[in-house]
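Colleague: Before we go into the packing of individual helices, could you take me through this model and tell me on what terms its values should be read?

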Amino acid sequence: MSSNLVIVESPAKAKTIEKFLGGDYVVKSSIGHIRDMPKKGMGISIENNFQPTYEVSSDKKKVVSELKKAVKNSQTVYLATDEDREGEAIAWHLIESLNLSNDTPRIVFNEITKKAITEAIKSPRTVDFNLVNAQQARRIIDRIVGFEISPILWRKVSGARSAGRVQSPVVRLVVEREREINAHNPKITFKSTAILNDVVNNELEVKLEQDFLNKDDAINFANLLKDANLVVSSVTQKPSKRSPKPPFITSTLQQEASQRLGFSVKQTMSIAQNLYRDGAITYMRTDSFHLSDEAIAAASSEISKKFGKDSLNIRHYKTSDKSAQEAHEAIRPTDLTKSQIVGLDDSSAKLYDLIYRRTLASQMTDAELERTIINVNISNSEHFFSAEGEVLIKKGFLQVYGGMTDDKLLPKLTKGDKLSLISFLSRETFSRAKARYTEASLVKTIEKMGIGRPSTFATMVSTVQERGYVSKETRPGIIRDYDQVEITNNEVIETRKSESTGAEKNKLFPTNTAYLLTDFLVKNFNNIIDYQFTANLEDEFDMIAKEDANWQSIVGNFYDPFHQQIEVAKEVSREETHGYRELGIDPKSGKTVSVRHGRYGAFAQIGDKDSEESPTFASLKRGQDIETISLDEALDLFNLPRTLGQTEDGLTIKTNYGRFGPYIQYGKKYVSLKDDTPEDVQLERALELIAEKEKLDAERVIKTFPDSDIQILNGRFGPYIWNGKKRGKGQKNITIKKFFEDKDPSKLTLTECEKAISGKLTSKSKKTKKKK
């Protein structure tokens with residue numbers, strides 16, 4: 001009998017910990033959660049005080065069986081799941097599933113190092129049921145919301161799949177920001193700059209401190225400036241400083257990795273989790289800025305060695321968020337003597353380097369700077385020019401964690417110095433709407449609003465994208481004209497130029513379904529989608545975790561008014577949730593042009609279903625919204641499909657937009673367009689894409705049958721039978737190994753394939769169950 005069994009969440013973590021503990025310990029993994037509510041039915045007894053029903057997940061039965069055997073062969077069992085609420089809940093589910101005592105030792109650690117693991121073994125505790133109940137309350141409320149709202153959405157909102165309690169406010173944030181942007185009316189001003197010379201020809205770039213409201217004012221000022229005397233009216237020098245930011249917590253790591261490394265939130269957390277499991281960094285789900293005394297001592301030693309003691313400034317950061325509860329320390333390297341770790345892939349190495357430098361910087365001195373401001377008087381105007389410069393005097397923390405641009409040095413000038421005009425430019429500018437969210441800025445917003453907790457940020461942002469409510473896109477800008485007024489060679493010149501504006505890279509856009517979903521929820525479930533309500537509920541979960549509040553009471557207080565809203569929402573007319581919008585009249589037919597959302601997405605329509613002639617339809621392009629599309633843009637959609645020509649064997653080639661995006665059609669076959677658009681793709685390019693598809697299809701085909709659309713193909717998961725129909729039109733794919741054991745796919749007959757497709761054959765798994 002082995003004396004000790006340690007159960008962790010991940011296999012990778014198990015291997016690492018087993019090395020530290022030695023032969024007296026066996027370390028096994030639960031591979032995450034082992035129990036959940038059943039997939040069929042709600043799994044919650046509303047009448048029995050919201051008592052949930054749990055069952056071992058089908059894919060975890062083997063894991064549980066192996067763990068039970070390991071428990072029988074062990075004298076002591078340690079539960080070593082992650083130290084947040086989710087980890088505490090997993091520990092409790094292990095107790096229940098493995099028939100362990102509630103007194104089973106529970107160990108926690110925020111870094112996977114030999115010292116941390118051995119110290120945790122020496123000072124175990126028991127499962128904290130307050131944390132378990134907090135997680136359970138969240139899970140039950142989320143389950144109720146999803147189970148009761150989703151069926152209504154399927155019937156009432158076209159394209160909606162589900163509505164999560166926390167994800168819905170996130171979708172609302174993206175929708176409201178997009179509507180703000182669309183409603184923005186740019187304010188036009190003329191911003192002015194100039195280049196001046198001193199007596200020894202040193203150049204000084206200056207800006208005018210007041211903007212002009214129109215071009216005429218800019219022209220009038222330029223005509224005055226030509227004859228003006230320019231004199232330095234003041235030179236001010238002020239010391240300034242920049243302080244380092246605290247070490248990383250979950251949200252700031254996600255934001256900084258996005259801004260500096262271009263990582264998605266999901267990617268950052270995946271890499272951080274692997275670094276944690278490998279013992280490289282501390283636990284990555286935390287909202288505490290605290291560093292242990294040991295970590296501060298290690299950072300102090302490294303800073304003193306590398307940069308000198310005068311760069312050291314020990315700092316103790318405090319977490320201002322009252323709800324901070326996920327872990328006890330900030331994200332930092334477990335060994336600060338290692339500025340890099342051998343064997344990491346490129347992305348992991350970059351993230352580790354970011355964490356390492358941020359940790360060191362947090363214990364270093366401020367950066368000291370000198371700021372200089374020069375004001376220049378214009379003799380015949382009340383306006384004045386100014387120039388600002390900044391010089392770095394002492395680098396401090398910037399030695400390891402930069403982010404400051406090069407010094408802007410100004411020429412040495414004193415009050416009363418005369419200057420001359422070299423050039424002047426007053427340019428028409430347009431005020432900007434608020435920026436669209438990136439994943440990182442969205443995390444920053446939901447954290448500030450108190451929606452969710454560190455362990456849920458990444459899931460919240462990724463889930464709204466996976467469910468088709470938000471898309472991360474890169475979009476090109478549009479061309480915009482602007483006016484400018486210049487003085488060149490003492491002559492005032494007016495010109496009109498063009499620029500590209502509004503380009504977006506990896507920004508979050510709401511889909512058409514998101515608008516409908518948000519409006520429906522705001523109208524019928526305002527509390528569910530209300531930001532403050534969601535934040536308050538998070539606070540109540542914190543109360544359960546910290547103060548032993550009754551979780552059933554909190555669930556009950558939520559459920560009663562919520563269920564009343566469910567009953568009312570069932571009566572809402574479906575027509576209200578299609579987003580129907582009339583755009584105008586088609587000049588060719590005189591019929592109404594409208595847009596709306598349907599089963600397969602947003603589309604434009606010419607005509608009415610009640611008229612004698614059937615209406616015509618066209619799908620909206622990617623990036624077009626039912627809320628903002630114009631009449632002309634909608635009419636352009638009806639110029640498609642375009643006929644490009646024919647293939648060598650006489651098939652007509654057309655291009656269009658469809659349910660799954662832009663495509664080329666030749667005969668009954670289709671090719672998706674990725675880098676080309678239906679409006680611009682030419683015949684030569686279309687033939688190239690068709691040839692590529694035909695080559696790939698030929699490599700996939702194992703067998704075809706004369707006078708039948710059925711084919712046997714090679715797929716991602718092995719050979720399969722395809723009934724020859726497309727998605728949405730009765731397509732069926734039948735995995736061959738499911739019905740035909742050890743049979744060569746190329747030897748299958750048409751009759752065998754037809755029986756498999758029609759369901760007349762029994763799968764191997766069902767045969768096995770019958771034998772048992």
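Modeller: The buried residues of α19 pack against β22 (642–646), β23 (652–658), β24 (661–666), β25 (669–672) and β26 (701–704), where contact means heavy atoms within 4.5 Å, and helices (H or I, at least four residues) and strands (E, at least two) are DSSP runs numbered from the N terminus. This is a predicted model, in which local features need pLDDT of at least 70 and side-chain atom pairs count only at pLDDT 80 or more, while totals for chains, interfaces and linings use all residues. Residues are numbered from 1 along each chain as its sequence is written, and side-chain values use heavy atoms, with hydrogens and water left out.

Colleague: Which residues of α19 are buried, and where do they fall as seen down its axis?

Modeller: Taking buried as under 20% relative accessible area and exposed as over 50% (1.4 Å probe, protein chains only), the buried residues of α19 are A686, L689, I690 and D697. Seen down the axis of α19, with directions taken from the helix axis to the C-beta atoms, these buried residues fall within an arc of 100°, so they line one face of the helix. The face turned away from that buried side carries the exposed residues E684, K695, A698 and E699. The residues you asked for are thus A686, L689, I690 and D697, and they line one face of the helix.

Colleague: How far apart are the end C-alpha atoms of α19?

Modeller: The expected span of a helix is 1.5 Å times one less than its number of residues. For the 18 residues of α19 (residues 683–700) that gives 26 Å, which agrees with the separation of its end C-alpha atoms, 26 Å.

Colleague: What is the relative orientation of α8 and α12?

Modeller: The axes of α8 (residues 250–261) and α12 (residues 439–449) come within 8 Å and cross at roughly 160°, and the contact is made by S251, Q254, Q255 and S258 of α8 and A440, V443, K444 and E447 of α12. Axes here are lines fitted to C-alpha atoms, for helices over the stretch in contact, and angles run from 0 to 180 degrees between N-to-C directions. Since angles over 145 degrees count as roughly antiparallel, under 35 as roughly parallel, 65 to 115 as roughly perpendicular and the rest as oblique, α8 and α12 are therefore roughly antiparallel.

Colleague: How many helices and strands does the protein have?

Modeller: Buried residues make up 47% of the 772 residues in the protein. Its secondary structure comes to 21 helices and 29 strands.
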